[in-house]
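Here is a briefing on one predicted model.

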Amino acid sequence: MNYTKQIQDIAAKLFAEGKIDVFVGYRMNGFDDNQVPVLITDPQDVSKLVFTDKSVFNLVNYLKSDHTRRKRVGLVVKGCDSRSLNLMLTESQVKRQNLYIIGIACEGVVDDAGQKMQNCTECVVPDAVVFDELLGGTLSGSLTLTGSKPYQVNADVTALAAMPLTERAAYFEEVFENCIRCNACRHSCPLCYCAKCCIDQETATLYNGANTTSSAFHALMTWSLHLAGRCVDCRNCEKACPSHLPLHLLHKQNESVIYENFQEHLAGVIPEDRGAFYKYSLKDPDDFIM
Amino acid sequence: MARVGVFVCFCGANIADYVDVPQVVEEVKRIRDVKYAIEYKYMCSDPGQGMIRDAIVQYKLTSIVVAACSPRMHEKTFRKALSDAGMNPYLLEVANIREHSSWVHQKDKKAATEKAMDLCRMAVAKSIANEQLHEISVPVTKRALVIGGGIAGIQAALDIADARIPVVLVEKSPSIGGKMAQLDETFPTLDCSQCILTPKMVDVASHPYIELIPYAEVLELQGFVGNYKVKIKKKASYVNFKTCTGCGACWQKCPVKVPNEYNMGIDKRKAIYTPFPQAVPNKPVIDAEHCTMLLKGKCGICAKVCLPGAIDYKMEDEIIEREIGAVVVATGYDMWDPKPYEEYGVGRFKDIITSLEFERMVSANGPTNGVPVRPSDGKVPKNVVFIKCIGSRDEAKGIEYCSKICCMYTTKHTILLHHKVHDSHSYVFYMDIRAAGKGYEEFVKKAQVDTGATYLRGRVSKIYKKGDKLMVRGEDAQIGQVVEVEADLVVLATAVIAPKDNPDLARLLGISYDKYGYLSEAHPKLRPVETAKAGIFLAGCTQAPKDIPDTVSQASACAAKVCGLFSGDTMKKDPMVSTISNEYCSGCQNCVKVCPYGAIVTDEVPVGHGSKELRTVAKINEGVCQGCGSCVAICRSMAITLAGFTDPQIINEIVSI
Amino acid sequence: MNFSTFVTDKAGLHKFYEDIMASHETFAPVEKFGKFDFKKVTSLSECDPESPIAKTLSIKPLFFPRSAKVMKYVATSSGTDVSETDEDHLAGNRVILGVKHCDARSLQVLDKVYNWDYIDTDYQKRRENTVIVSTRCDKAETHCFCTSLDYDVENLDALDVVVVNGTEGKIYIKARTEKGETFISGMNIDNRLSKNEWRKADDKTAGEIKTQYESFAGSFRLKMDYKEVNEKLSKIFDTPEFENVSGNCISCNTCAFVCPTCHCFKISDEKVKDTGVRYKSYDSCNNGYFTLMAGGHNPRPVKYRRWRQRAMHKFVYYKERFGVNLCVGCGKCTISCPVNISIFEVVNQVSAASMQE
Amino acid sequence: MEAEVKDQLVSIEKPGLIAPPNWEPVIMGILCNWCSYAGSDLTGTSRIQYPPNIRIIRVPCSSRVDPWFLIKSLQTTADGVLVSGCHPGDCHYISGNYYARRRFLVTKKLLNFVGFHENRIQFSWVSAAEGPKFAKVVAKVTDDIKKLGPLHLYKKENFEKK
């Protein structure tokens, strides 16, 4: 997967036509084969742009930045990224007319070790779902509402769910104990755009200010519930976590519950679909309630 | 620092017998913020309330906790005591130590006392976070909208207008009167329907406080209680009502004949028509679907014969707006179409008619001049079979509920038949006779004796033709045998159903409806007139099947509600509503989606202080907000606060024990 | 003062570590979810003192805990009782194994601020109670630039006891401070020497250690002259370059949380029933609300100003006030950064831009 | 798993921790004002007895219940939580309990996933007329949680066990 040339050309054309003020893409970091996101405002820098299977970071995150707000932005989105963009559009965070979206039919990206990322091996929506231009044709053929493959519960979630309660409790105690409450997860998530966040320390007194295990538990639980039905599994949070916590477990758990019980679409696949907590069905399960 | 006063009630022996009240007081006194705590026999009594008032002044208290019975019982009482002492009434919290402790843990005084202490701690902690709240006052537009001009709408409009409140009455057909105008005589007194209805119709037309808008539909309702704005579509009538004198020359000369809806299609009307002779307003309209002038541009006779020149073929639908404060919905009912009863030969045998068709035939101004006839050959029937519960109480083909009025009108029909055709005989197939109502049972009994009608308890299984007669086969459950009756005419007592437009109307008004399409009342017993949306009321069969007296009662009740609502220039409203902080709102608008009352709208605010750039945020209309808190719980940025149940208040409660 | 140096091999070193664990409360890098964090250990099998620098979090939390309990209080109507907390790490002697020298060096940097106008007694106590056994690296990793910062060969091996890998499997154990000297001598040296587990340093040892350093110093990808950076940065407060370099920063705070020298904190209370605990927890100047004042004014509302503060504090203000840079060149921030912003690149890019002006 | 060991209750999530003698669980009950709170009042008026372990918080509607109320309760005193609202279709606020129902299911499953026994988080629909049902629900929840032993996961450090 290499769309470097195409993206450079498109970006150059957009600048030449005066259609964008800033282009958000990837560039090489300059010393190894890893890439960093770059915000280009000078058309001459277009040649820095690259796109390969090392283009991991979800660039939609930059749409909440001061550098892009209220500007005309060109950006590159993979399948998962585009779903988060869809939600950003639905939740009125960005205006569609200000964006020029280069969609990618994504074949999956790799981690530092060169291994295909887990979410990519499980990915059911590889194609960008919102774009002005789609590079790479379509991989999923005709896109069904839930993606191109039948939904499967994440293997890690299944494995944990099968563990005895005490072991699972011990496992997660370790997870929350290793959280250092830096909130990189929240900041790296494109959908965490709130001015006041439930897990920022600003709300410390009322919620949980200290960096204790107990607070980390509270913060991550609340955070994952705020992303329930909205998380697009781009794993920006997990990549950002300095303690390498398996944050996807919480999100995938919520996703599987929502998918299996409410028959909702995967987050962000459908335009104007707001996520499972903002609607209801009379047929929702009731048997867990006395 | 908060200064909380705690007042623990003995409630005579109700609390004191099972909770160690002095111990509770001692425990409460240990709490840092409690500056005063005392127990008393009856806190709700005058001396008890006096203690609260005195302590507020003496100890400079900043919030009050009363530990007594349920807040649902005496919250208002104690709030008033706070008010009387010059304190904001919403600084009160009630710890429910009677319903939630002493009465339910009568066997374990120690546990009940401990629980009472915890409940007091929670109330104290919550009260510290209480804020001063003030009743919301919302201005009121004193004009009511009545949708539907049947007897329910007429009655509601007249009652409201008589209280000198302007009313806008919207009726979708060319004349008001509704179903009642189609009836001949009414049970149980057999007075003539037209005779009692038409004076009221005339009153509506002439009432100075009623603006009658016939041949119109409601398009849109915006706003909230006291402050609605309604858009009404006046359908093109092609007749200028201002110049038309109602002489009738036009419809007499009109060459186009159309089945007459008023007479259930038994006879014909013209393409320009007044629905019935006593119509109000008594002005014709042109039926655009059939008028050849409007369809093909040929004819134009009516315009030629109209001396005042009231005909205007170029007339278009007109949309008008009215500002109103309350709505009464009285859209009435429809009759169920018995087509699914194929085994009866409905549709195949002409001599099977519905009850409303029978009603028109026996009506003095009906198509047959008051004499029932067989549609097949025009002969007067001798043996008539009435079948009840057609569609109603029938889950398989129709609906589950009982239509309520069919037993009574069928009884009436047997009488009317007996009056018009003296040598006739009625057979009535019935499941039950439901005659609950003033004079109803007597009416049924008397009718059975007077008419000599044969009542057969059981369902009809089949109707087939034998010569020119209809053979009705059914079971007589009382003798346990199959019976067959030879009939000249069969009358089906079809069910009452909700108007098919009701769901659309409900969505337009923002109210709910049930699975049958009837509009839902706020509470089935205690608020049968209100809807869940403040300022919208229900009258008549649009809510559920009803007879005329019930309909009129409900219409008058609606009027009373509307008058109550309009009794002041502003409405007072509970201040426990949500507010949104512009600073923290990220504008995702999920709350707009979740709010069941449409109380949240979007607003534009500057991006920063003094900035000219705008961004979208959500805004709550406190006049509409009912304070459920749905929006608060789904707001991820915690930008929404529900007064009285704020996050700090609830968290304080949680961490206080 | 001359401190002793010993020569041993891998087995001798591991025996030494095991002995420390048996006799002292010991902390060492423990792997969890692919990252190493310093945790209490009792045997060598639980931990890896030679953990890779790129995957190891700093030892800062052992001196400046992520959330320190400052005090405990009970508030009732009869008054508020404040009590000391039973905070860990304050009592008893402890040893930290497997500390990287940049990490150890960070404590020397932090000592300055903690002994400044206000003496942080908790920090002092933790420092006094702790012996640090650091390990000198053999090879620089991608983001390392410790040799470019203000300490020389002599000071490179920062604290207490230093372990250096020599050639031919030789391992040198050097005391670097008096505390380190006392610690080693308390670890049964005679016994080790008699069993020939350890040998005393000979004439060649100093040279061999120097060679190791030189080969290590030669392996750096990143090199800069910090004095030049200090000087240039101090003159270019208003350069627009800060806006460019901070463009792709997502303000996630990770850099400050993993930095061994960042020491900003916030205070929060957690109260349940009548009892409250006051916590002192990490904070980050990259947070939008870091400088938000009670009245609503925020002097650093935009990202580039926060970035400027971060760079300037590390390379100008701290240097001016305490004579050292508030950066030890460990590269932890760059490694943890989700968008791989390198503070090395940032300060160099900004300085270079100032040259052009 | 059988929680009782020689008359001593162990915490089901952490079998190493044993409940003190005569330990009684604390249950945080969050009730909607219009149905369940009214129902609980009716239980009182009818003098139907139930275990005294529940502490009741009144909210206007079950849809006001943010999942972190439950989390915060479990982090502090509570050994279990009960949230109760109007029956589906009976919500005083038309649709509040439908939104709440979705959140509850996801929250319950998530808490269970990270190690809380599922019986620690319970929900019920209790109408204003169901006084006896409320007593039954509380009795069942109390009984369930008693069997699970004290909760020891993620408790605040200054929290004191009753």
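The centres of domain 1 and domain 2 of chain C, taken over C-alpha atoms, are separated by 28 Å. The bounds come from an automatic or database domain assignment. Domain 1 of chain C is 5-67 + 83-217, and domain 2 of chain C is 226-265 + 285-356.

This is a predicted model: local features need pLDDT of at least 70, side-chain atom pairs count only at pLDDT 80 or more, and totals for chains, interfaces and linings use all residues. Residues are numbered from 1 along each chain as its sequence is written, while chains are lettered from A and ligands numbered from 1 in the order in which they are written.

**Domains of chain C**
- In chain C, 22 residues of domain 1 are in contact with 19 residues of domain 2 (contact: C-beta atoms, placed from the backbone, within 7 Å).
- Helix H2 (residues 101-114) of chain C gives the most to the domain 1 side, with eight residues (helices are DSSP runs of H or I, at least four residues; strands are runs of E, at least two; both are numbered from the N terminus).
- That side of domain 1 of chain C has 11 nonpolar, four polar and seven charged residues. Ala, Val, Leu, Ile, Met, Phe, Trp, Tyr, Cys and Pro count as nonpolar, Asp, Glu, Lys and Arg as charged, and the others, Gly among them, as polar.

**Helix packing in chain C**
- Helix H8 (residues 226-235) and helix H11 (residues 303-322) of chain C pack at about 100°, with axes 9 Å apart (axes are lines fitted to C-alpha atoms over the stretch in contact; angles run from 0 to 180 degrees between N-to-C directions).
- H8(C) and H11(C) are therefore roughly perpendicular (65 to 115 degrees).
- H8(C) contributes C:Val229, C:Asn230, C:Leu233 and C:Ser234 to the contact. H11(C) contributes C:Ala311, C:Met312, C:Phe315, C:Val316 and C:Lys319.
- By class, this contact has six nonpolar, two polar and one charged residues.

**Chain A with chain C**
- 37 residues of chain A are in contact with 33 residues of chain C.
- On the chain A side, S2(A) gives the most, with four residues.
- The chain A side has 15 nonpolar, 16 polar and six charged residues.

**Helix H1 of chain D**
- Nine of the 10 residues of H1(D) (36-45) are buried (20 or more other C-beta atoms, placed from the backbone, within 10 Å of the residue's own).
- Among the buried residues are D:Tyr37, D:Asp41 and D:Leu42.
- D:Arg47 follows H1(D) and has a positive phi, near 55°.

How values were computed
Two residues are in contact if their C-beta atoms, placed from the backbone, lie within 7 Å. A residue is buried if 20 or more other C-beta atoms lie within 10 Å of its own, exposed if 12 or fewer, and partly exposed in between; C-beta atoms are placed from the backbone. Angles under 35 degrees count as roughly parallel, over 145 as roughly antiparallel, 65 to 115 as roughly perpendicular and the rest as oblique.
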